[in-house]
Amino acid sequence: MARLLVMIPSGEIYDHDSVRWYQYQNIQRSIDRYHNIGDAFVFDSSLKVLSFDKIGVLEIDNPDWSSLDRLRDEYDYVLLRGSNYIHGEMEWHDAAAVLKKLGLPVLAFGIGAQAPVKGRMELSEATKEVLRVIADLSTSIGVRGAFSAEVLGDLGIDNVRIVGCPTAFRRLDPNLSIKLGPLADIQKIGITLRREVSPAYAQDIERYLTFHRDLVKSLAGRFDSVLMAQGEVEEKKLVFGTDAQKEEAIASLRADGWASRWYFDEAMERLYRERLFYSDVVADYEALVRQQDLVLGYRLHGNLMALANGVPSIYFTYDSRTAEFAETYRIPSYDVFGNSAFVLEDYWEQWRFDAFNAAWGNVYDETRKFLIENRIDNKLVDRSAKKTDAGMLRVA
């Protein structure tokens, strides 16, 4: 069993391999700050895939340099959980110097690049240095998809494997498969929301928000729907705030220029008051998606949590990150900025999910190879193992 150090964690650990946001019992401490609980999904999922008996945190902001010799002796490798690290605004603090001095292997588990709408992606020298240090300390780097691999290749980093995201494998089921029933039998659906978006990555904010609004209203009128938020301040206040904070959130949404014009109309306000869900505990999201017949929407990790639990999901892509992710897993997806209308019936086709099932299996195998070649203890099994008549496993 391994001993691992986590760089850039996203939440506190409990019950060995479960994650919730820091001091989740007192949400008032963070209710006025945005944090994407989807990052905690990835952290939680990484821990569920890995085998370890000791875990610690590696500080890269104001590190204790004198502790690095001790940490080198006490731990086996550094985990960098998957996230959107490869872009022009990433702040790495002292990560490069810490990793070089520490000298432990680094497991970069599903990191990804984000391309701007216009112009070339300009990476800072600090980002380039950190990526090269990680490459030198790793047998291979696990990336989200082909675009992220290409970005690293342009930096001369070729020891890369496409592993998607550990959230896809959190259930440790080597035979995961999405099988559709009749669409007429669908009753309960989850809609993953992403109201806040940057014009640097989404090419048309008006289209993004008006389509988002109309999609939510259309689906909510057709199905028993829950709106799944992932950390925006106003949404958190509407779920967990005091009565005064809830009205403050409504007033803020009404006053917001983008939201008031293109998103938050009377119907959306009613849905927000009646059907909104948010939690600071990853397990709560998993329990919720397992109750749904379908999950679809804008959230990369919220949708993937559903797929990982065998629940069909459809992605709405709007930037290079979501498009790359859908491509890696061949997830049925709709381009928000495309010319065609979205018709749910067009996506409720088994062949689309058969493509996902096959891609999921291929990425599972690549992820297992990635962990093995990096000498990481893990819980993924060899999918080439087959059952004999006696029910025992043998390797093909």
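In this predicted model, 6 strands form an open, parallel sheet in the order β11-β10-β9-β12-β13-β14. Strands are DSSP runs of E, at least two residues long, and helices are runs of H or I, at least four, both numbered from the N terminus. Two strands pair if DSSP finds at least two bridges between them. The edges are held by β11 (276-277) and β14 (333-335). Each has a single partner strand, so one side of each is left without a neighbour in the sheet. Strand β13 (residues 313-317) runs parallel to β14 and is joined to it by 3 bridges. Phe316 has Tyr334 in β14 as its bridge partner.

Residues are numbered from 1 along each chain as its sequence is written. Local features need pLDDT of at least 70, side-chain atom pairs count only at pLDDT 80 or more, and totals for chains, interfaces and linings use all residues, while side-chain values use heavy atoms, leaving out hydrogens and water.

Helix α12 (residues 300-308) lies across β9 (188-192), β12 (294-297) and β13. The helix runs at about 160° to β13 (axes are lines fitted to C-alpha atoms, for helices over the stretch in contact, with angles from 0 to 180 degrees between N-to-C directions; contact means heavy atoms within 4.5 Å).

Glu206 is found in helix α6 (residues 205-222). Glu206 is partly exposed, with a relative accessible area of 42% (buried is under 20%, exposed over 50%, partly exposed in between; 1.4 Å probe, protein chains only). The C-alpha atoms of Glu206 and Arg352 are separated by 29 Å. These residues lie 146 residues apart along the chain.
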